[in-house]
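Dear colleague,

Please find below the structure for your review. My findings follow directly after it.

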Amino acid sequence: MSSTSSPSGPDDPRPSAAEAARALRDMDRHRDQAYDAATNSRWVSVLFGVVLGAGFAAPDFVGQEAAGWTSPAIAILTVGYVALLNTRSGSAMLGQPVRPRREDISAPFRRYALLTLLAVVLAGVALQLLRPDWHLDVPYWRTAVGVVGGGALAVFGPRWQRALLKVAVRGGHRTGSGTVDATR
């Protein structure tokens with residue numbers, strides 16, 4: 001009989017408390033590295049922030065005819081971004097070599113994200129159909145909105161993306177199995 005005070009010893013396969021704590025810290029660190037790898041590079045957020053700011057500010061500086069081409073330009077850029085994310089070389093170019101596995105994204109998150117996207121699209125369509133006659137007497141209000149929105153996207157984009165990824169993955173801090181898929 002062994003007279004050790006710890007239940008784990010040379011014959012016991014269970015790790016000590018210090019080993020278990022170190023293993024859990026390593027798992028958390030590796031999970032955070034996987035989340036970082038599943039987010040875009042900083043330059044992508046900066047580029048989209050500049051494009052968003054310029055798209056909002058264009059009618060203030062170029063004229064109302066700019067409103068006719070800024071929305072399609074932003075839409076084309078967005079479609080190109082999504083197309084690049086769905087290819088291995090494109091996602092690597094964007095600095096996102098891994099992505100979460102589809103089965104690890106929680107159903108409630110998918111449902112809320114889809115409903116939010118639908119509400120934004122319907123609000124945009126309703127505004128176009130109703131065409132309210134808003135005359136804001138604030139000069140350069142579009143520029144201010146573009147600078148604030150684009151600046152926030154440029155500064156906080158990767159942090160927001162990482163936070164959404166942590167919420168989207170089931171359990172948030174699930175350990176044990178990988179939640180990202182390195183293959184595209």
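In helix α3, Thr 70, Tyr 81 and Leu 85 are buried, where buried means under 20% relative accessible area, exposed over 50% and partly exposed in between (1.4 Å probe, protein chains only). Because these residues cover an arc of only 40° around the axis, they lie on the same side of α3; the arc is that of the directions from the helix axis to the C-beta atoms. The buried residues of α3 pack against α2, α4 (88-93), β1 (99-100) and α6 (141-168), contact meaning heavy atoms within 4.5 Å. The face turned away from this buried side carries the exposed residues Gly 68, Ile 76 and Val 79.

This is a predicted model, in which local features need pLDDT of at least 70 and side-chain atom pairs count only at pLDDT 80 or more, while totals for chains, interfaces and linings use all residues. Residues are numbered from 1 along each chain as its sequence is written, and side-chain values use heavy atoms, with hydrogens and water left out.

Helix α3 (residues 67-85) has 19 residues and reaches 28 Å from its first C-alpha to its last, close to the 27 Å expected at 1.5 Å a residue (1.5 Å times one less than the number of residues). Helices (H or I, at least four residues) and strands (E, at least two) are DSSP runs, numbered from the N terminus.

Val 46 is found in helix α2 (residues 42-61) and counts as partly exposed because its relative accessibility is 34%. Val 46 and Gly 157 are 111 residues apart in sequence, yet 8.1 Å apart in space, C-alpha to C-alpha.

Yours sincerely
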